[in-house]
Amino acid sequence: MASPNKRKKRRSRRGLLLLALAGIIALTVLLACFARIGLSPGYTALRTPTNEIYGVPLYEQLIPEGDKGRPGQKRRIRYIVIHETGNFSPSATARSHANFLASGGDGQSTSWHYTVDENEIYQQLPDNEIAFHAGDGRKAGGGNEGGIGIEICVNDGADYERALDNAAKLAGYLCKCYGLGVDDIKQHADFMDKNCPQRLRDSGRWEEFKSRAAGYMK
C-alpha cells in the first residue's frame with residue numbers, strides 16, 4: 001500500500017496535469033476566436049491611453065509586424081499627410097479603424113499612422129516607418145515614402161469640428177517634433193488625383209486647418 005505522502009504526490013501531479021490540459025484547451029479556444037474574428041494573437045484592446053496630445057488621449061495600437069500594411073521600412077519624415085476616412089457609418093470611430101488595421105485590414109496593404117475622431121487619437125504605425133496611404137507607391141520623396149498619414153473620421157452623428165481640431169493638434173504636435181513647417185502639412189490630393197480630405201477641401205477650409213495646426217505648433 002502506498003504511503004500517504006506518495007498518494008499526495010500522485011494527486012498533486014494529476015492536478016498539475018489537469019491544470020496544464022485546461023490551459024492548452026483555453027489557448028486553443030482563444031486562438032480559434034482570434035482566427036474567427038480576423039484578429040492576430042498580438043492584438044490588444046486598449047483600455048487606457050498611452051499619452052496625450054494637447055489634452056486628447058492617444059492610444060497606441062500598432063499593426064502587427066509582417067502584415068502587408070507594415071513593411072517595416074524606416075525613412076526620413078518630410079510631411080504630415082491629411083486624409084479623411086470617407087466612412088460615414090456612425091460606428092466608424094478612430095477605435096474601429098484601429099481595430100480594422102490591427103486585425104489585418106482585410107489583407108490589404110493600405111495603412112496609415114494615426115486615426116483621429118472627436119474624442120481620441122489612435123496610432124497604428126511608428127512615425128518613422130513607411131505606410132501606404134498616399135497612393136504613390138514607393139516613389140522617392142512621395143507621400144508614402146516621406147509622410148506621416150493622419151485620417152480624420154467623418155462618421156455620422158459625431159462632432160466633425162472637434163475631430164478636425166484634434167487633427168490640427170496632432171499635425172501641429174508632429175511638425176514641432178520633427179522640425180517641419182506648416183507648408184509641410186499636405187493633402188492626400190497633393191500626391192494623387194483624389195479629392196481627399198474631401199470635406200475639408202470642398203468647404204474651402206484647408207488654409208484654416210493649416211493655421212490651426214500652426215497655432216498648436218507654438
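This is a predicted model: local features need pLDDT of at least 70, side-chain atom pairs count only at pLDDT 80 or more; totals for chains, interfaces and linings use all residues.
**Helix α6**

Let us start with the helix itself. Helix α6 covers residues 206-217, which makes 12 residues. At 1.5 Å a residue it should span 16 Å, and its end C-alpha atoms lie 17 Å apart, which agrees.

Which residues of α6 are buried? They are W206, F209, K210, A213 and M217. Looking down the axis of α6, you would find these buried residues within an arc of 95°, so they line one face of the helix. The face of α6 turned away from the buried side carries E207 and S211, which are exposed.

What do the buried residues of α6 pack against? Their partners are the strands β3 (79-84), β6 (147-152) and β7 (185-187), together with the helices α4 (160-178) and α5 (198-202).

**Aromatic rings around Y54**

Now for the rings. The count of aromatic pairs comes to five. One of these pairs is formed by Y54 and Y173, and it is edge-to-face, with 6.1 Å from centre to centre and 90° between the planes. Distant parts of the chain are linked by this pair: Y54 sits in the loop between β1 (51-53) and β2 (56-60), while Y173 belongs to helix α4, 119 residues apart.

Y54 also pairs with Y216, and here the ring centres are 5.7 Å apart with the planes at 25°, so the pair is stacked. This pair, too, links distant parts of the chain, joining the loop between β1 and β2 to helix α6, with Y54 and Y216 162 residues apart. Through such ring pairs, Y54, Y173 and Y216 form a cluster.

Are these tyrosines buried, partly exposed or exposed? The table gives the answer for each.

| Residue | Relative accessibility | Class |
|---|---|---|
| Y54 | 35% | partly exposed |
| Y173 | 28% | partly exposed |
| Y216 | 25% | partly exposed |

Because buried means under 20% relative accessible area, Y216 at 25% counts as partly exposed.

**Charges over rings**

Two arginines complete the tour. R95 lies over the face of Y59, at 5.9 Å from the ring centre. R199 lies over the face of Y160, where the distance from the ring centre is 3.9 Å.

Notes:
Residues are numbered from 1 along each chain as its sequence is written. Side-chain values use heavy atoms; hydrogens and water are left out. Helices (H or I, at least four residues) and strands (E, at least two) are DSSP runs, numbered from the N terminus. The expected span of a helix is 1.5 Å times one less than its number of residues. Buried means under 20% relative accessible area, exposed over 50%, partly exposed in between (1.4 Å probe, protein chains only). The arc is that of the directions from the helix axis to the C-beta atoms. Contact means heavy atoms within 4.5 Å. Rings of Phe, Tyr and Trp (its six-membered ring) pair if their centres lie within 6.5 Å; planes under 30 degrees apart count as stacked, over 60 as edge-to-face and the rest as tilted. A charge sits over a ring if NZ of Lys or CZ of Arg is within 6 Å of the ring centre and within 35 degrees of the ring normal.
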